[in-house]
Amino acid sequence: MLCVTTRFHLRHFWQLIPVYFLYRSMLSDLKATPGLIRYTFLLESPRVCYTFSVWETQQDLEKFSNVAHHIHAVRRAKKLCQGIWSAYWHLDAISKYADMWSGFPAWPTLIAHPSIPFRLVPAADREVL
């Protein structure tokens, strides 16, 4: 699994609304994207917001990055923001409470780590441990 966080530092607080609408314009694409497990839009302050997503594979993320709505949103955000950065993490496990984050599709099949039961790992990775 792969986690992506993107932070948007807006030039002015009133630009939060257009940035949020850019996110909303991608919702139908997000919902239809294979390999996207969860996503959300978060606020830090009136001038700082984030997108957060969890993906099954790097390839799934790369396919979405080439969707027309995403390309448009990236170009528009560059004009509205003072700064943008993204961070990518490969997840080896998630908290057992992650399944409380409702949404579709269902989380991949996860099982408890053999020595740390509150960490869930993909069932296919169990043999590697």
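This talk describes the architecture of one protein chain and a few of its residues.

Good morning. The model is predicted, so local features are given only where pLDDT is at least 70 and side-chain atom pairs only at pLDDT 80 or more, whereas totals for chains, interfaces and linings use all residues. Residues are numbered from 1 along each chain as its sequence is written, and side-chain values use heavy atoms, with hydrogens and water left out.

I begin with the overall layout. Read from the N terminus, the order of elements is β-α-α-β-β-α-α-β-β-β-β. Along the principal axes, the C-alpha atoms fill a box of roughly 50 × 30 × 20 Å. Of the 129 residues in the chain, 36% are buried. Here, buried means under 20% relative accessible area, exposed means over 50%, and partly exposed is in between, using a 1.4 Å probe and protein chains only. Among contacts with a separation of 6 or more, 66% join residues 24 or more positions apart; a contact means heavy atoms within 4.5 Å.

Let me turn to helix H1, residues 16–25. Its buried residues include Leu 16, Val 19, Leu 22 and Tyr 23. Viewed down the axis of H1, the buried residues fall within an arc of 120 degrees, so they line one face of the helix. The arc is taken from the directions that run from the helix axis to the C-beta atoms.

What does the buried face of H1 pack against? The partners of its buried residues are S1, H2, S2, strand S3 (48–55) and helix H4 (68–80). With H4, the axis of H1 comes within 9 Å and crosses at roughly 170 degrees. That makes H1 roughly antiparallel to H4. Axes are lines fitted to C-alpha atoms, for helices over the stretch in contact, and the angles run from 0 to 180 degrees between N-to-C directions. Angles under 35 degrees count as roughly parallel, over 145 as roughly antiparallel, 65 to 115 as roughly perpendicular, and the rest as oblique. At this contact, Pro 18, Val 19, Leu 22 and Ser 25 of H1 meet His 69, His 72, Ala 73, Arg 76, Ala 77 and Leu 80 of H4. Elsewhere in H4 we find Arg 75, which is exposed at 60% relative accessible area.

Helix H3, residues 58–65, can be described in a similar way. Asp 60, Leu 61 and Phe 64 are buried in H3. These residues cover an arc of only 100 degrees around the axis, which puts them on the same side of H3. Gln 59 and Lys 63, on the other side of H3, are exposed. The cover over the buried residues of H3 includes S1, H2, S3, H4 and strand S4 (81–90).

Phe 8 belongs to strand S1 and is buried, with a relative accessible area of 12%. Leaving aside neighbours within four places in sequence, its contacts include Val 48, Tyr 50, Ala 77 and Ile 84. Phe 8 and Val 19 lie 11 residues apart in sequence, with 8.8 Å between their C-alpha atoms.

I now come to charge. How many salt bridges are there? The count is 1 salt bridge, defined as a side-chain nitrogen of Lys or Arg within 4 Å of a carboxyl oxygen of Asp or Glu. It joins the side chains of Glu 44 and Arg 7, at 3.8 Å from N to O. Glu 44 lies in strand S2 (residues 36–45) and Arg 7 in strand S1 (residues 2–10), so the pair ties together parts that are 37 residues apart in sequence. Glu 44 is partly exposed, at 46% relative accessible area.

Asp 29 sits in helix H2, residues 27–32. This residue is buried yet has no salt bridge, and the nearest side chain of opposite charge, Lys 31, is 11 Å away. For charge, Lys and Arg count as positive and Asp and Glu as negative, while His and the chain ends are not counted. Beyond residues up to four places away in sequence, Asp 29 touches Phe 64, Val 67 and His 69.

Finally, Pro 117 is in the loop between strand S6 (110–112) and strand S7 (119–122). Its relative accessibility of 55% counts as exposed. Between Pro 117 and Ala 73 there are 40 Å in space, C-alpha to C-alpha, at 44 residues apart in sequence. Thank you.

Definitions and conventions: Helix = DSSP H or I, 4+ residues; strand = E, 2+ residues; numbered from the N terminus.
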